[in-house]
Amino acid sequence: MVAIPDFLPALPEMFLACAAMALLMLGVFRGADSTRLVSWLAVGAALVAGVLVLAASGDRAVTFAGMFIADDFAVFAKVLILTATALTVVLSVNYLEREQMDRFEYPVLMLLATVGMMLMVSANDLISLYVGLELQSLSLYVIAAFRRDYAKSSEAGLKYFLLGSLSSCILLYGASLIYGFSGTTNFERLAVMFSSDVPAATGVVVGLVFVAAGLAFKISAVPFHMWTPDVYEGAPTSVTAFFAVAPKVAALALFVRVLVDPFGELLAQWQQVVWFSAVASMLLGSLAAIQQRNIKRMMAYSSIGHIGYALVGLAAGTEEGVRGVLIYLAIYLAMNVGTFAVILSMRVNGRMVENIDDLSGLSRSHPMMALAMAFFMFSLGGVPPMAGFFGKLYVFMAAIEAQLYVLAVIGVLTSVISLFYYLRIVKVMWFDDLMETIERPARASALVIGGTALFVFPVFYVFSEGILNGAAAAASTLFLR
Amino acid sequence: MADWPILTITTFLPLVGALSILMIRGEQELVDRNAKAVALWTSLITFVISLFILANFDPSNPGFQMMEEYRWIPSFNIAYIKGVDGISIWFVLASTFLTPICVLASWTTIDKRVKEFMIALLVLETMMVGMFTALDFVLFYLFFEGVLLPMFLIIGVWGGPGRIYAAYKFFLYTFIGSVLMLLAILAMYLVAGTMDMRVMVDHPFASTLQLWLWVGFFIAFAVKTPIWPLHTWLPFAHVEAPTAGSVMLAGVMLKMGGYGLIRVNVQMLPEATFFFTDFVFVLSVVAIIYTSLVALAQTDMKKMIAYSSVAHMGYVTMGIFTMTQQGLDGAIFQMLSHTIVSAALFLCIGFAYAQLHTREIVKYGGMAQNLPRYAFVFMVFMLASVGLPGTSGFVGEFLTMLGAFQVNTWVAMFAATGLVLGAAYMLLLYRRLFFGKLDKDGVKAMRDLRWTDTAYFAPLVAIVLIMGVFPASFKDVYAPTVEKVLLDHQASLKAAGLIDDEPGTQVADRTPTSGN
């Protein structure tokens, strides 16, 4: 007699997986011209899944033999992931049509990747962690190379696949070490084991470092960031937009859960690793982006830097720190989706342009778009009163509370350095003369740009307490023990 | 009166105006005209509302008034707290007063992208008023930094040929400075457990910590003030900025530094202030003498006024750190006077520049003959800048010197030489511009002030004279607050054992205006 597991906590995931399958069917039967329909239905599915996720907030449930956990932390991360997915699918509809790669598999793959991400943030076991991670990664490998006839895109897909597999191997190796030395893969049992007085076996610590390395690859934290600029540049822009947000949120949430939940007692061991990675990411992200001419590459380095800031919160290893990470991710999402919505609108005479100089004089041809982009850039640079400032404020506050003064100071200094290239974009748009007129953005893109810009300033202020409370509730679930 | 949030309204009304300008659509010419009209009316109404603040302000109460307090982010003890005391109220008025003048001054001189310019100007006003009324450190920091965004665009989009370099230099200098302030704020939050600035004032911070915090804040405010040697961004920013930008920069934004020094360094970190007094005196004296000499050597009139601003700010920092009633009263008076005088001088330069398109002093000459009204107006402000008795400039400089004499005779003596140098470069400027032969064709063709120009020069002239002849009308509003600041300061120094009871009694002796 096999006990039937409780399916209810995983309802959103199952709904989304079924929806993806149904949409696949729809696409197959409707034929090639169904991309638009499938895309909008995918957006709808993501929204419904979001409602299902929110409906379960406040509860904590473990199911599937302890492999899967649904708690407020997962709810917060999943809402972010689903929002990112929905927005980037909206952005890609017009892009795919214009670039003549409108195949219905695209939104379906994005949904499947999203299911993988949701499994990641709900993982309560190294096995389910790996399954979720691979479901996400496999879908991402495919959409990175979605433009088959374009060498750079294929190269991006291949590069991402090879390095991604390598990182998966590292992660698996680490997981097997942990299993070998502790005898379990379950997070709760691991946590119980480490909270005892017996010091953790060296093998477990080595395994933890390997797992952290594998996850650091997924969030493109230094020194596992090398793939990021090439993949960002090579992948179709709508894919890059997706890459920049949803997988980052998922992988970072997973990173936080793994380090804080089962390995929370080993803080002293992993804190140094995260500290180093945060410092290196912030430095590299801010310095290497200065010389970029391609805006997608620049955003790649920018995202490396931002992961560094988020890691500052994790390095604190406290509830405040985790709260800071979650708030950071929420703001990061809005800034990046908005920026990529603008990048996706950079189209001159029917072809895409990607150089920063192509934005020159944007404030004359599209003042509102230029204003929104200026909002995003100032926000990414952490200039108040934009929301990005608050993201940084919270992680730095957590770092100072945890007495990581050097980390906070380096963070503040690198955000000043990073201002150079964010300001350059503002300068190009507002101070330089108009060179080429960028075409009017599609209506959906314009809405996304406007909405995210308003979120960055001033809507964030109005809802800041709600977002903070959500993040606080989410963070506290990881520190129940 | 007290039940509606007048400070919030004053802060955000310009932002509402900016948003409504954003909505204006249609033909270019019509849009421009409407944008200007909306900006003018919004800023005028804001000014009128700020007059209500003054009318309802009780000068005998040295504490914060018209308080507004709302929960904002309780999990971090961040709240939305606003209030004015005798010191900040004048800066709020200075901001709201100068904005409509800037709109008027840009009426014809800004001819490209008028809509965006007016938006930037109104956003700037919101940030300035917000900063002077904020009593929560996060709020304070938000507005303090928020000023940079519109100003960066104003310099970069509407500025002169070197605008991009100037805008970058301006932005990065001030941003790097205030980032240090952010770290200091975070450190204070950790110790005091709140972002409420009223609580911070009473919180005794450990002596060594105070020194670090003081340095963090000082650098931020020193860049903004600017204090020599962190002033190098200022001449660039002034020269390249359009007239309205220069007016705002000199008129209000420099005051943020001086205001911050009083509000944070002096009030919250008394022991460190005591420790660093001589250091600030040296910087102030160097600023006064050195930048006056530099001003003397300028051939560009905007640059000359810019350097003279640095020198005038030297009196301000000197006055603040005397920690005497006269010195602090004088420093605030000097800031207010400089607000009006420097703004007016930049407007005068802008008037000439709009016609001749050069700021080189040698390109002018003999203007007194064909531009009598302009020559008169310029003369009033020139004399105020020099510090002639009867003008606003005299009171501030005199009081700061008086304060300095009580504390350190050498400092006062060196600072006095700045007066002579100041007179030298301003009179030289006036002679070259207005006297001599009227032999340049361009200058001959210049037109004199019209009523639209008089509309903004007349109130400025009036204020300069009122402040000079009847300084108490301004000073009595903030003197009780200053007295309280000084008493608190003395009390904390005594508690720390840095002074004995003897000098503490001097505070009462040095308060002729407060009436006790």
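This is a predicted model: local features need pLDDT of at least 70, side-chain atom pairs count only at pLDDT 80 or more; totals for chains, interfaces and linings use all residues.
Good morning. The second largest pocket here has a volume of about 750 Å³. Of the 35 residues that line this pocket, B:Ala105, B:Thr108, B:Thr109, B:Ile110 and B:Ala354 are the closest to its centre.

Residues are numbered from 1 along each chain as its sequence is written, chains are lettered from A and ligands numbered from 1 in the order in which they are written, and side-chain values use heavy atoms, with hydrogens and water left out.

A pocket, on a 1 Å grid over the protein atoms alone, is an open set of points with protein on both sides within 12 Å along at least five of seven lines; a cavity is a set where a 1.4 Å probe fits but cannot get out, and lining residues have an atom within 4 Å of a point. Points are joined across faces, edges and corners, and a volume is the space filled by probe spheres set on them.

Which helix supplies the largest share of the lining of the second largest pocket? It is H14(B), with six residues. Helices are DSSP runs of H or I with at least four residues, strands are runs of E with at least two, and both are numbered from the N terminus. The lining divides into 17 nonpolar, ten polar and eight charged residues. Here Ala, Val, Leu, Ile, Met, Phe, Trp, Tyr, Cys and Pro count as nonpolar, Asp, Glu, Lys and Arg as charged, and the others, Gly among them, as polar.

Helix H3 (residues 72-98) of chain A gives the largest share of its lining, four residues. Among the lining residues are A:Arg98, A:Arg347, A:Glu439 and A:Arg440.

Next comes helix H7 of chain A, residues 187-195. A:Phe187, A:Leu190, A:Ala191 and A:Phe194 are buried there, where buried means under 20% relative accessible area, exposed over 50% and partly exposed in between, with a 1.4 Å probe and protein chains only. Seen down the axis of H7(A), these buried residues fall within an arc of 100°, so they line one face of the helix; the arc is that of the directions from the helix axis to the C-beta atoms. On the other side, A:Arg189 and A:Val192 are exposed. The buried residues pack against helices H5, H6, H8 and H10 of chain A, contact meaning heavy atoms within 4.5 Å. At the N-terminal end, A:Asn186 caps H7(A), with a side-chain oxygen 2.8 Å from the backbone nitrogen of A:Glu188.

A:Glu188 is also one of the residues touched by A:Arg60. A:Arg60 lies in the loop between helix H2 and strand E1 of chain A and is partly exposed, at 42% relative accessibility.

Finally, some backbone details. A cis peptide bond joins B:Thr225 and B:Pro226, with omega about -15°. Phi is near 50° in A:Asn349 and near 55° in B:Met323. Is each of these two residues buried or exposed? A:Asn349 is exposed, at 68%, whereas B:Met323 is buried, at 8%. Thank you.

Notes
A polar contact is a pair of N or O atoms within 3.5 Å; within protein, one must be able to donate a hydrogen and the other to accept it, and residues adjacent in sequence count only if both atoms are side-chain atoms. Lists of a residue's contacts leave out its neighbours within four places in sequence.
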